[in-house]
Amino acid sequence: MEATDRFAKAEARAVTTAADALIGALRDDIDRLSAAEPEVRADAEDSVHQMRVATRRLRSVLRSYGSLLAKKPAAAMNAELKWLAGLLGEARDAEVRADRFAALLAEHGERADPAALDAVTARLVNAERDRYRAAHDEVLAALDGERYRALREELLRWRTDPPLRHSRAEALATDVFEQVLRRDLDRVAALVRAEPSVDPHERVELLHDIRKSAKRLRYSCEAAEQVIGADAADRGSRAKKLQTVLGDHRDAVESHEAIVRRAAEAAAAGEDASLYDILAAAEDAAAGRELSRYPATAAAVAG
C-alpha cells in the first residue's frame, strides 16, 4: 500500500504543470503572511519575525521562479514586498539586538558594578527596545495605510490567479523546478568557490552574499518539495543549515560592531567602558565559533 501511494504521488508530480505548482507555492506563502498580520497587530511574540519571513519567502520565490511570471506585475509585486520587508526588518533587527544584548549581559554582567551595569543596559538593551517600539508603531501605521491594503488585495488575487507567462507555465513542473534548483545551487557554489581567494576586508560581505544565496536556494527547494520530493527537501535542509551558520555569524559580527560603537559613546560621556570590552570580546569569539562551522556546511551544500 505504501509503495502504491508513493507511485501515485510520483505519477501526479510527473504531470503537474509549472503553473499549478507555482500557484501552490505562492498560496502557501501568501497564507503565512496573512496569518501573521493579526499577530503583528497584537505585538505577539515572534510575530514580526514570522511576517518578515513570509514576506522574504514570497520575494525569493518570485526571483527564483520569475520566468513563469509576467515581468511588469512581478516586478511591481517584488517592489511592494521589499517595502514591507524593510519596515518589518527595522523592528525585527532591533528586537534581535535587544534580546542578544540582554543575554550577553545576563552571562557576563553579574560581576559588574551595579551602576555600570545599569548604564550599559540602558545604552544596549533599553535603547534597542525603544527602537523596536518606534519601528513597530511604523509597521502598524503601514498596515493601516492604503499602500498595504492595496498590496494585501493584490496578494489575494495572486493566491489563485497570479500573472503567469502561459507559454512557460504550461511546461512540466518537474522540468522547470529542477532547472530552477540547479541554477540556485550553481549560484551558491560559485560564491563558495570564490570565498577562499577574496580579500579579507571583503570576506564578511561575501559570506553575507553566500548566506542570501543559500536562503534563496532553501526557499526555492521548499517551494519545489511537492514537485520534486525528497531530493528538494534534503537540499533545502542543507541550504538552511548554511544559512543559519552564516546568519549567526553575521549577527555576532554586527552585535560586536554595535557594542564597540556604544562603548565609544559611553567613554565620550565619561562612563566606565570596561564591560563593553568584555561583551565585545564575547561576540568576537561567537563569530569565530560560527565561522569554524562554515566550511563543512558550505561543502554539504555546494560540494
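Trainee: How does helix 4 pass helix 5, in a left-handed or a right-handed crossing?
Mentor: Left-handed. Keep in mind that we're looking at a predicted model.

Trainee: Okay. Which residue classes turn up in the contact of helix 4 with helix 5?
Mentor: You'll find 17 nonpolar residues there, along with eight charged and two polar ones.

Trainee: And where do the axes of those two helices come to, and at what angle do they cross?
Mentor: Helix 4 covers residues 71–108 and helix 5 covers residues 114–143; their axes come within 8 Å and cross at roughly 160°.

Trainee: So are they roughly parallel or roughly antiparallel to each other?
Mentor: Roughly antiparallel, because angles over 145 degrees are put in that class.

Trainee: Switching to charges. How many salt bridges does the structure hold?
Mentor: There are 31 of them. One of them pairs Asp 31 with Arg 159, with the closest N and O atoms 2.7 Å apart.

Trainee: Where do those two sit in the chain?
Mentor: Asp 31 is in helix 2 (residues 18–41) and Arg 159 is in helix 6 (residues 146–160), so distant parts of the chain, 128 residues apart, get linked. Asp 31 is partly exposed at 31% relative accessibility, and Arg 159 is partly exposed too, at 27%.

Trainee: What does Arg 41 form a salt bridge with?
Mentor: With Asp 144; the closest N and O atoms are 2.8 Å apart. Arg 41 belongs to helix 2, while Asp 144 is in the loop between helix 5 and helix 6, 103 residues apart. For accessibility, Arg 41 has a relative accessible area of 33%, which is partly exposed, and Asp 144 is partly exposed at 47%.

Trainee: Back to helix 4. What's Arg 100 paired with?
Mentor: Glu 283, in a salt bridge whose closest N and O atoms are 2.4 Å apart. Arg 100 lies in helix 4 and Glu 283 in helix 11 (residues 274–302), so this pair ties together parts 183 residues apart in sequence.

Trainee: Is Glu 283 buried or exposed?
Mentor: Buried, with a relative accessible area of 3%. Arg 100 has 25%, so Arg 100 counts as partly exposed. The cut-off for buried is under 20%.

Trainee: Last one. Which residues are linked in a network of salt bridges?
Mentor: Arg 97, Arg 123, Glu 128, Arg 131, Arg 262, Glu 265 and Glu 271 are linked that way.

Conventions: Residues numbered from 1 in each chain as written. Predicted model: local features only at pLDDT ≥ 70, side-chain atom pairs only at ≥ 80, totals over all residues. Heavy atoms only, no water. Axes fitted to C-alpha atoms, helices over the stretch in contact; angles between N-to-C directions. Helix = DSSP H or I, 4+ residues; strand = E, 2+ residues; numbered from the N terminus. Parallel < 35°, antiparallel > 145°, perpendicular 65-115°, else oblique. Left-handed = near helix turned anticlockwise from the far one by under 90°. Nonpolar A, V, L, I, M, F, W, Y, C, P; charged D, E, K, R; others polar. Salt bridge = Lys/Arg side-chain N within 4 Å of Asp/Glu carboxyl O. Buried < 20%, exposed > 50% of the residue type's maximum accessible area, 1.4 Å probe, protein only.
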